[in-house]
Amino acid sequence: MTRHMDMTHAGDHLPKTSLVAPRPMDLSEKPLLQVRSVSKYYGRRIGCEDVSFDLWPGEVLAIVGESGSGKTTLLDCISTRMTPTSGMVNYRMRDDTMREVFRLSEAEKRFLMRTDWGFVHQNPADGLRMTVSAGANVGERLMAIGEQHYGDIRQTASDWLEQVEIAKDRIDDQPRAFSGGMRQRLQIARNLVTGPRLVFMDEPTGGLDVSVQARLLDLLRSLVAELGLAAIVVTHDLAVARLLSHRMVVMKEGRIIETGLTDRVLDDPQAPYTQLLISSILQV
Amino acid sequence: MTSAPFSSSEAQSGAIADYNFAYLDEQTKRMIRRAILKGIAIPGYQVPFASREMPMPYGWGTGGVQVTASIIGPDDTLKVIDQGADDTTNAVSIRAFFAKMAKVKTTTHTGEASVIQTRHRIPEEQLHEGQVIVFQVPIPEPLRFLEPRETETRKMHAVEDYGLMHVKLYEDIAQKGHIATNYAYPVKVKGRYIMDPSPTPKFDNPKMNQSEALQLYGAGREMRIYAIPPYTDVVSLDFEDYPFEVQTFEEPCALCGGTGVFLDEVILDDQGGRMFVCSDSDYCEDRRAKGHRGALSPDIYESEESLSAQISQEGADA
Amino acid sequence: MENTLSSSNTLSSIVKTTPVILTDVAKNFTMHLRGSVSIPVVAGVNFALRAGECAVLGGPSGVGKSSILKMIYGNYSANCGQIMVAYRETMVDIATADPRTVLAVRRETVGYVSQFLRTMPRVPALDVAAEALVEQGEEVTSARDKAGSMLARLNLPEKLWQLPPATFSGGEQQRVNIARGFLTNHPVLLLDEPTASLDAANRAVVIDLIREKKKQDVALLGIFHDEDVREEIADAIIDVAHFAQSAKLTGERNATQRAG
């Protein structure tokens, strides 16, 4: 029972986890994103090759594999941060039309990326403006889409800081003064403020302490459910994939070698490489 | 504003080396004029140009000088100001440069000038149709300090991705309670491009809007030219709940008593004594010539004419 | 017109009366890390679950009981056969369904009480218990109320409710797990040794819970090692040893064929 007493003390730091109803599931829904035969070559070296999959609204897809397996290349290609050598990526815009993302104009692409999409980098410094305040970091996307009322922007920013468990009185502090976990949570708020429907995450919990990681995972999970976000999460951590994702793609040498329901791939892996990957996990 | 090469007789007279009219060669002027025309056609857009070495260091107005040299003609009258004053080193040197190289008439009177080259001010006297004001620009890119990559800022202009500009204003309000940017205050030109109005005080921003005069901007080191054609909307960025405001001054000009003008602080002694005087020296002198006086105006410096004018005005009043 | 109507009536009656039907299901594991050796688990699995009844998978441990439960839940793949499960007005084949369909079936039709609780870090026991109910559309406060009374019924001290169950004892974790599984309104409930680490009093609570589910026309399929619990609740015993034997025979036949 003493164990529990310790936990009671630790419980002071626990936030009131928001138990949220997930987005209702509708099997007749059409895919939000279609990836078709996407390949990226660096000269003769393969970045990723012949990758195809669909993503539905509200669905979280994990891309797993070891370093160098092409996960991040694939993520960059789908999110238009990089142009693939060949292949197609289609996205269902808010007006329900399917558009080929590489045929969008630069202006349309940017608008998409700062409204309907989010990108969470492994290193928060890559996704944040380190020398402007937390409030402005969150407010930037709003200002970019024409929000012109300072008070409203600040209020929204403050609400989002609260959502990601950053004390409101830190709103005027620069992320330079934040811990790694806070920075990552700030980056998430900055991405979610415009209510995107699709968020790309590149090792979102990489480089964080285990306890900080747990907090972030819990936060991400409830936000994804609450907002009905679709997400593509690149991770080498199978535990992260299990906690966050519905569906999983296993990559090796640039190709998808296994895909399916997350718990099925983890508990009943079929491909030799997936079996090796899963058997390599350290048990606590 | 047409330019003409020196006549051969002048060149042969040997007074100075055989320079072309207004220093730059005709091909260079054509290149710069094309950039200017493009700038006028796309108000607020920064046009790259092949900036030349000028016989003065960068930072002394090489961009403005090249623009002026490309548009000035023998019939023009030139005024040059630096922080509003006609008599500071930079203004005097550039005025002398054109007097020598183009043999144009120079003036300190805003109303008389057809071309005004300026550093950091727009004259108080309203500019009129037919006048051209040429700004010396140190850093043309308003997004530079927020986004250091030129490749990225160009794209941001191209796709009107200007959220960052408001981030800066947001930071001002968050830290200081108001928009603390006092000079180089960003403007949106003709509802499209965000532009740096050069380091003029924001006090001058309203003068840019719907100006009758053509406004040209030259950045020599940065190799950019941009322009605002006459009668163009120029809006200073702000928030709905923190609207754009110009500086106000509590007291009038200590010399001419002028109000509603931009004042410079002048330290008088090391006891804390100071006064505020017009930044626009021509405007101030003109007012004093018309008999206006400020609290500290030292009449001994006044010319006899203005004194007598004052006396005659007082006589008329009486 | 009448034909369509009567056939849809038939389907809807199947959906209501036998919400799970397994036909010729087989499962083997291919261990690529051990020279791709194929380990047969079960074969020729044929049975159906009836609404309002509790079927129990029988046979010694390691015989493949859990594998069958996991295949029905979509957690394990099936190598052949059909696993038809009721979903809304129709039956879907879990063996071939895409991941989204499996998730939809889990949300609405098939509940699962696993042997071990897999918890989310930081999420308090009360919310772990209420979560599946919220997923089914129950309002959060009332789901928490129901979770609270369920945890109380299972004798889990109230001071633990707001703590994450990761540090709980096995029995405490299992009770959170049971609360989570029994709270929902799934028409099919799979139970993987829910009483394994419970004392007699809590075992009795679970037996009561199963009886209540049966009254609500839920079809249950479970693995119970306690003889007494099995006797209390089992309406049918499905002999898994039999399926394991067919798998072994099939495996040997294939091996001989390969050798020949």
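# Salt bridges, interfaces and burial

Biologist: How many residue pairs are in polar contact across the interface of chain B and chain A?

Modeller: The rule finds 10, with both residues at pLDDT 80 or more. A polar contact is a pair of N or O atoms within 3.5 Å; within protein, one must be able to donate a hydrogen and the other to accept it, and residues adjacent in sequence count only if both atoms are side-chain atoms. Helices here are DSSP runs of H or I, at least four residues, and strands are runs of E, at least two, numbered from the N terminus.

Modeller: This is a predicted model: local features need pLDDT of at least 70, side-chain atom pairs count only at pLDDT 80 or more, and totals for chains, interfaces and linings use all residues. Residues are numbered from 1 along each chain as its sequence is written, chains are lettered from A and ligands numbered from 1 in the order in which they are written, and side-chain values use heavy atoms, with hydrogens and water left out.

Biologist: What makes up the area buried between chain B and chain A?

Modeller: The area is about 1900 Å², and carbon and sulfur atoms give 57% of it. Buried area is the accessible area (1.4 Å probe) that two parts lose on being put together, summed over both. B:Val159, B:Val167 and B:Tyr170 lose the most area in chain B, together 31% of what that side buries.

Biologist: Why is the pair B:Asp161 and A:Arg110 called a salt bridge?

Modeller: Their side chains meet at 3.1 Å, N to O. The rule asks for a side-chain nitrogen of Lys or Arg within 4 Å of a carboxyl oxygen of Asp or Glu, so the pair qualifies. The pair crosses between chains, from the loop between H5 and H6 of chain B to helix H3 (residues 106-115) of chain A.

Biologist: How do you know whether A:Arg110 is buried or exposed?

Modeller: Its relative accessible area is 12%. Buried means under 20%, exposed over 50%, and partly exposed in between (1.4 Å probe, protein chains only). A:Arg110 is therefore buried. B:Asp161, at 14%, is buried too.

Biologist: Which residues are linked with A:Arg110 in a network of salt bridges?

Modeller: A:Glu106, A:Arg114, B:Glu152 and B:Asp161. The B:Glu152 to A:Arg110 bridge is 3.1 Å, N to O.

Biologist: What makes B:Glu26 and B:Lys29 a salt bridge?

Modeller: Their closest N and O atoms are 3.0 Å apart. Both lie in helix H2 (residues 26-41) of chain B, three residues apart, about one turn of the helix. B:Glu26 is partly exposed at 28%, whereas B:Lys29 is buried at 0%.

Biologist: How many residues does the contact of chain C and chain A take from each chain?

Modeller: It takes 44 residues from chain C and 43 from chain A. The two chains bury about 3900 Å² between them, 59% of it on carbon and sulfur atoms. C:Arg100, C:Met120 and C:Arg122 supply 23% of the area on the chain C side, more than any other three residues. Six salt bridges cross this interface. One of the bridges between these chains joins A:Asp268 and C:Lys27, with N and O atoms 2.4 Å apart.

Biologist: Why is A:Glu140 called buried?

Modeller: Its relative accessibility is 10%, so A:Glu140 falls under the 20% limit. It lies in helix H5 (residues 134-144) of chain A. Leaving aside neighbours within four places in sequence, A:Glu140 is in contact with A:Arg129, A:Arg190, B:Gly163, B:Leu164 and B:Val167.

Methods: Contact means heavy atoms within 4.5 Å.
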